[in-house]
Structures are given as C-alpha cells and as structure tokens.
Amino acid sequence: MDRNQEIALTQMRKSVEKLGSSTESYGEKTLMRFLIARSMNPEKAAKMFCQWKKWRAEMVPLGYITDSEVADESAAEKVYLQGLSKNGYPVAIIKLNKHFASKDQVQFKKFVVHALDKTIASSFNGREIGNEKLIAILDLQNITYSNVDTRGLITGFQFLQAYYPERLATCYILHMPQFFVTVWRFICRFLDKATQRKMRIVMSEEQKQEFIQEVGEDVLPEEYGGRAKLVLLQDVVVNY
C-alpha cells in the first residue's frame, strides 16, 4: 500500500467516526474497496461505508440470510455456483429463463444478498480477507418476455454497486436475444461507468473462446464449453 492510500485510509477512518460510526473490526482491504468505489475520496467513501453498515444491520441481522428465508426463490433453481476461475474468483451462473418477477420483493432482495454472500464466501476458507471478487455469468438463452424482469435486474446491479463495492470482477452476458438489446440499454442507465466497464457481452465465436479461456474449462459447465457439471447454489456448503 502506497503513502497516498495510507493517508486516504486514515482520513476515511476519521470521517467515519465523525459520522458516528466505527471502522473497528474492518481491515484495510475492506475499507479500500469503498475508497476505490468513490475515487479515493475519504469523505464519500466514509459515507458509503456508513450507509452499507446501516443497510447490512437491517437486511442481514444474523450476518447471513438463512435458506428458509429464500426458499421460494431457491426453488426456481436459477443460480449456480461453480467454484473458482483461473484467477481464483468464484463463478456464479444465473439462468434467466428460470426467473420470473417475484411478487414478494422482500424475499427477492434477500435472495440477491443470499446469492452474493454465498458466492463471496465460497472463495475463502476460514476468514474473509476483504478484497474478494466474483465473476457473474448472466445466461439469457431461451428467455421469453415473461422472464424479463427489468426491475429485478436493476435491483441486483444497484445492490452490487451500493453494498458490494469492487466485488464484481466481470459480468459475462451470454445468448442475448435481439429483443433484449433495448431492455439492456435501459438497464445500463442505472449502472455507473465502473460497473459498465465490467460488462462483457459474448456474441462472436472469438468472444466465446476468450470467455472460456478467461474463466477456465475446469469450472465452466459443458454447455458453456467447459468440463464441469452445473452445481446449484443451494447444494454448495460455505462457512460464513
């Protein structure tokens, strides 16, 4: 860590205290994610950190979302957790053709948190370091208009941006149908530039080969050009 980062961290800690909160029990790597997300501005990073702590206390009072709280969403079997990519990032696959807009928005939001927390927790044994990242694969194959949940997608990305800063390494979007292009352009209005830069729409054969090479055949299921089998999110055991 360079001198400028150390100074920014010190200033961020002081700003958090001024806001009536504390960075105690949070390591440098965790705090750095908030600083990077706010262009190394200590005051903005402190505000974001305090908002995250407040949200976390309300949304995840136990420290994790239990399976029973998201049973209906899990039953759709739409999220898979595949292990670690070549770079050591956990790989989550979301099959959008198994998703339908939820009538229970509270449970849906909890499911988003449950899936993100479990994906991150699958990347380490024991204690979290704080700078873990993840790879998301959004598979749009065989989707119909009934699967298009613009509100749900925006919620997911907004959660990533506001409450999981610098957690997303890359989001690959596969099999995008023509009718979804307009929907995606609308969703992109809600994504900040840093998040947009992490989006990779895989269309050509060359892009597909790059995708396989970057993620790794050992972790990708056979239907995506790899050698692995699909593993349901609920079948993966993690220690939070």
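Student: What is the volume of the largest cavity?

Tutor: We are looking at a predicted model, in which local features need pLDDT of at least 70 and side-chain atom pairs count only at pLDDT 80 or more, while totals for chains, interfaces and linings use all residues. Residues are numbered from 1 along each chain as its sequence is written, and side-chain values use heavy atoms, with hydrogens and water left out. On a 1 Å grid over the protein atoms alone, a cavity is a set of points where a 1.4 Å probe fits but cannot get out, and a lining residue has an atom within 4 Å of a point; grid points are joined across faces, edges and corners, and the volume is the space filled by probe spheres set on the points. The largest cavity has a volume of about 500 Å³.

Student: Which element gives the largest share of the lining of the largest cavity?

Tutor: The lining has 24 residues, and those closest to the centre of the cavity are I94, V112, L138, L153 and G156. The elements that give two or more residues are β2 (90-95), α5, β3 (134-139), α6 and β4 (168-174), where helices (H or I, at least four residues) and strands (E, at least two) are DSSP runs numbered from the N terminus. The largest share, 6 residues, comes from α5.

Student: How many residues of the lining of the largest cavity are nonpolar?

Tutor: Ala, Val, Leu, Ile, Met, Phe, Trp, Tyr, Cys and Pro count as nonpolar, Asp, Glu, Lys and Arg as charged, and the others, Gly among them, as polar. With this division, the lining of the largest cavity holds 2 charged residues and 4 polar ones, and the nonpolar residues number 18.

Student: Which residues lie nearest the centre of the largest pocket?

Tutor: A pocket is an open set of grid points with protein on both sides within 12 Å along at least five of seven lines, and the largest pocket holds about 660 Å³ of space. Its lining divides into 10 nonpolar, 6 polar and 9 charged residues. Of the 25 lining residues, those nearest the centre are Y26, W52, R56, E128 and R167.

Student: Which elements give two or more residues to the lining of the second largest pocket?

Tutor: The second largest pocket has a volume of about 220 Å³. Its lining consists of 16 residues, with E166, D192, A194, T195 and K198 nearest the centre. The elements that give two or more residues to this lining are α2, α6 (150-163) and α8 (193-196).

Student: Which residues of α2 are buried?

Tutor: Buried means under 20% relative accessible area, exposed means over 50%, and partly exposed lies in between, with a 1.4 Å probe and protein chains only. What covers the buried residues of α2 includes α1 (3-18) and α3. The buried residues of α2 are T30, L31, M32, R33, F34 and L35.

Student: Why does D139 count as buried?

Tutor: D139 lies in strand β3. Contact means heavy atoms within 4.5 Å, and, not counting residues up to four places away in sequence, D139 touches I94, K95, L96, L174, H175, E223 and Y224. D139 counts as buried because its relative accessible area is 3%.

Student: Which residues does L116 touch, not counting residues up to four places away in sequence?

Tutor: L116 lies in helix α5 and counts as buried, at 11% relative accessibility. L116 and Y240 are 124 residues apart in sequence and 12 Å apart in space, C-alpha to C-alpha. The residues that L116 touches, with those up to four places away in sequence left out, are L134, L160 and Y164.

Student: What is the radius of gyration of the protein?

Tutor: The C-alpha atoms fill a box of roughly 50 × 40 × 35 Å, taken along the principal axes. The radius of gyration is taken over C-alpha atoms, and the globule rule is 2.2 Å times the number of residues to the power 0.38. For 240 residues a compact globule would be near 18 Å, and the protein agrees with this, so the value is 18 Å.
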